[in-house]
Amino acid sequence: RLLPAAAPASAMALRCFALILLPLAAAGAGLSGYFGTKSRYEEVNPHLELDPLSLGPAAAASELPAACAALQLRAVLRHGTRYPTAGQIRRLAQLHARLRRSEVSADACPAAAALAAWPMWYEESLDGRLAPQGQRDMELLARRLAARFPALFAARRRLALASSSKHRCRQSGAAFRRGLGPSLGSDEEDIEVNDSLMRFFDHCEKFVALVEENNAAMGQVDAFKEGPEMKKVLEKVASALCLPVEELNADLVQVAFLTCSYELAIKNVTSPWCSLFSEEDAKVLEYLNDLKQYWKRGYGYEINSRSSCILFQDIFQHLDKAVEESK
């Protein structure tokens, strides 16, 4: 049963397979190693550059022993490559509009001039929707999984997919099914929508109260945004854009960094936004994102992992049942 998850299940939740999302190794002056879930599969498996269906050089070594047979595969998958959220797009539009108003010359401030001329093509209506690249990622992931476990993906085997109600997740499930071909192919309507499993955090009242809607829960994140590491990045970006540092904040700088990753992911181009950051800057911004995920989805609060118990239990109940029935 393949489950396109709406968000990370927390540091404690099981990840059988996880979708990782896009940038190019040579692009952005080596920034691509710091994009987290915006990194593409090719960063982990470079063989996919030449062959999108490659299982890697160790494929033969990972085959099941002759005495073993695969009984069931359960995979928790993140959605495919998506567009920025509406909030990120609004912040990007705010920064871009400020640069266009500055009317600096290319000689005096080349980075600002290049970004002012950059076409702002993101619209709020895109709001985190699945991008075409995300559909391709999911289709190819399905084909690679089927190649690894051909007996489990045979025409007469049962395939069940569940998704959260998020549009990008339902579309990811549909793309995954398409990747398996007509024998197992179907449309989006055949995917079970189950938010209690796939958005368990939204259904955990204690998590919502103590973390999701608690402004104090992200105190360490807010402190880092105001700390010396982020201040140094802010000053550097402000200087490159010929803007007073007071007109920038951590959120605006972070969305500029994210745009670098999104442009690589969605359009396969090196964006002028990438030119604002060095590898050292990328490490700081990666840490800021990791810090947020630690407190919001990871080990920061006990309820973060406990909220995923419903999904954890569902996975193991089905695996145990498959083993029992095989006897």
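Student: Why is lysine 236 called partly exposed?

Tutor: Buried means under 20% relative accessible area, exposed means over 50%, and partly exposed is what lies in between (1.4 Å probe, protein chains only); lysine 236 has a relative accessible area of 36%, so it counts as partly exposed. This is a predicted model, in which local features need pLDDT of at least 70, side-chain atom pairs count only at pLDDT 80 or more, and totals for chains, interfaces and linings use all residues. Residues are numbered from 1 along each chain as its sequence is written, and side-chain values use heavy atoms, with hydrogens and water left out.

Student: What makes lysine 236 and aspartate 281 a salt bridge?

Tutor: A salt bridge is a side-chain nitrogen of Lys or Arg within 4 Å of a carboxyl oxygen of Asp or Glu, and here the distance from N to O is 2.8 Å. Lysine 236 lies in helix H9 (residues 228-241) and aspartate 281 in helix H11, so the pair ties together parts that are 45 residues apart in sequence; helices are DSSP runs (H or I, at least four residues), numbered from the N terminus.

Student: Why is aspartate 281 called buried?

Tutor: Aspartate 281 has a relative accessible area of 7%, and therefore it counts as buried.

Notes
Helices (H or I, at least four residues) and strands (E, at least two) are DSSP runs, numbered from the N terminus.
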